[in-house]
Amino acid sequence: MGKLLRFLYGYVILGIEGEQLGRFLNLCRNRGIFMEKISYIDEGRIQTCVSVRDYFKLRPVRNKTGVHIKILKKGGLPVWWMIRGRKKKAFAAGLLLGGILVLFLSGRIWNIQVSGNIKNSTPEILKYLEKEEIVHGMSKKKVNCTQLAASVRKDFPDITWVSARITGCKLILDIKEKEELQAAEKNSMPCDLEAEQKGKIVRIIARAGVPVKKPGDTCDAGDLLVSGELHIMNDNQEIQRREYVHADADIYISHPVFYHREFPLKHREREMTGKTEAGFYLKAGAWYLELFHVPKSNWRISSAEYPLYLNENFSLPLSVGKVDFQEYRESVKVYTPAEARSQAELCLRTYMKKLLEEGKEITDNRVTIRVTDSACISSGVLEIVEKTGKEVPCEKP
């Protein structure tokens with residue numbers, strides 16, 4: 001710690017000689033001049049270390065005692081600034097401007113953080129703040145946190161609570177949104193369930209409402225499947241009154257899907273030679289600086305661009321991109337019948353996998369694959385079972 005303080009305040013190592021050295025040291029102590037590392041050199045001569053500030057207090061004491069003071073060594077930040085800093089004017093000016101710049105930047109907003117939002121996305125809120133002239137780089141003095149919180153609550157009805165505060169150079173918005181309505185509230189409106197397409201009903205599991213169709217029946221698009229109208233009967237089995245509910249049921253229908261795909265046996269194939277090249281580029285707005293040369297034809301090009309961010313929400317108008325080149329040779333080949341069938345089966349499996357990912361069940365596969373002299377043709381029918389039932393308002397008499 002002592003070395004650090006000496007560097008910050010600066011120090012001077014002095015050689016002092018004279019007949020009144022004892023009186024000199026006593027006067028220095030009485031005047032609060034701190035000396036350290038006092039060492040005896042010879043008769044009437046000592047060496048000591050004082051701070052730069054205390055060095056300038058020695059003249060009156062020296063005049064009273066008649067001692068001779070010689071500077072042996074000096075160092076520390078103030079000494080460096082007075083001796084070397086004056087010669088390096090550009091560095092000194094840069095240091096001064098850097099300090100001013102840091103002071104200026106510390107008074108501005110460089111990060112806007114939004115938390116607690118689910119239904120209202122962060123980009124949507126940032127776009128709204130931009131319209132309200134709350135942007136990255138603005139002065140912190142221009143941000144009224146109370147007014148900003150009230151404005152967000154007013155313009156976003158589903159936001160019930162907002163807290164805005166500034167911490168350092170960061171503007172933080174803590175948000176609470178309205179909770180989703182309960183299922184019972186959302187399903188309180190009376191409705192019927194209608195078929196969305198033509199097919200054969202496989203099964204109906206009704207939780208609310210009256211099924212109009214039963215398993216094994218056929219239906220067309222728009223047919224009523226489950227009615228939300230309930231008939232309350234009297235003892236004579238006559239309709240006493242009607243009540244309406246939100247129809248709810250799991251309805252599955254079976255229907256055919258026609259499949260057809262055809263591709264030629266003669267095709268072009270690309271074979272990689274193993275030769276690769278890479279390059280980089282810089283992007284600033286619409287301006288590009290390419291740090292590579294573009295190869296000639298028969299090269300596959302792929303690129304990835306990485307925008308530069310000052311923080312998670314503030315992107316700079318600068319990007320760094322990497323471009324990869326892979327050389328290939330192109331040749332014309334012809335599928336053998338076995339290869340063509342394998343390719344056709346792969347396409348069919350890919351299509352069936354897509355149907356399964358959509359929640360559809362495949363119950364029958366009647367697709368055939370035929371290879372001719374010039375093409376491979378896949379055609380046929382897939383029987384699938386899928387869920388249906390579109391909500392429509394009840395028609396009240």
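# Exercises on a predicted protein model

Of the 397 residues of the protein, 30% count as buried.

**Exercise 1. Describe the overall make-up of the protein: how many helices and strands does it have, and what share of its contacts joins residues 24 or more positions apart?**

Solution. 
- Step 1. The secondary structure consists of 10 helices and 22 strands.
- Step 2. Among contacts with a separation of 6 or more, 65% are between residues 24 or more positions apart.
- Step 3. The accessible surface amounts to about 26700 Å², and carbon and sulfur atoms contribute 53% of this area.

**Exercise 2. Determine which residues of helix H8 are buried and which are exposed.**

Solution. 
- Step 1. Helix H8 spans residues 145-155, and its buried residues are Leu-148, Ala-149, Ser-151 and Val-152.
- Step 2. These residues lie on the same side of H8, because they cover an arc of only 160° around the axis.
- Step 3. Thr-146, Gln-147 and Lys-154 are exposed on the other side of H8.
- Step 4. The buried residues of H8 pack against helix H7 (122-131), strand E6 (159-167) and E7.
- Step 5. At the start of the helix, Asn-144 places a side-chain oxygen within 3.3 Å of the backbone nitrogen of Thr-146.

**Exercise 3. Identify the surroundings of Asp-174: in which strand does this residue lie, and which residues does Asp-174 touch, leaving aside those up to four places away in sequence?**

Solution. 
- Step 1. Asp-174 belongs to strand E7, which covers residues 170-177. The buried residues of H8 pack against E7, among other elements.
- Step 2. Leaving aside residues up to four places away in sequence, Asp-174 touches Ser-115, Trp-161, Val-162, Ser-163 and Arg-165.
- Step 3. The side chain of Asp-174 forms a polar contact of 2.6 Å with the side chain of Ser-115. Another polar contact, also of 2.6 Å, links the side chains of Asp-174 and Arg-165.

Conventions: Residues are numbered from 1 along each chain as its sequence is written. This is a predicted model: local features need pLDDT of at least 70, side-chain atom pairs count only at pLDDT 80 or more; totals for chains, interfaces and linings use all residues. Side-chain values use heavy atoms; hydrogens and water are left out. Helices (H or I, at least four residues) and strands (E, at least two) are DSSP runs, numbered from the N terminus. Buried means under 20% relative accessible area, exposed over 50%, partly exposed in between (1.4 Å probe, protein chains only). Contact means heavy atoms within 4.5 Å. Accessible areas come from the Shrake-Rupley method with a 1.4 Å probe; for residues, only the protein chains shown count as cover. A polar contact is a pair of N or O atoms within 3.5 Å; within protein, one must be able to donate a hydrogen and the other to accept it, and residues adjacent in sequence count only if both atoms are side-chain atoms. The arc is that of the directions from the helix axis to the C-beta atoms.
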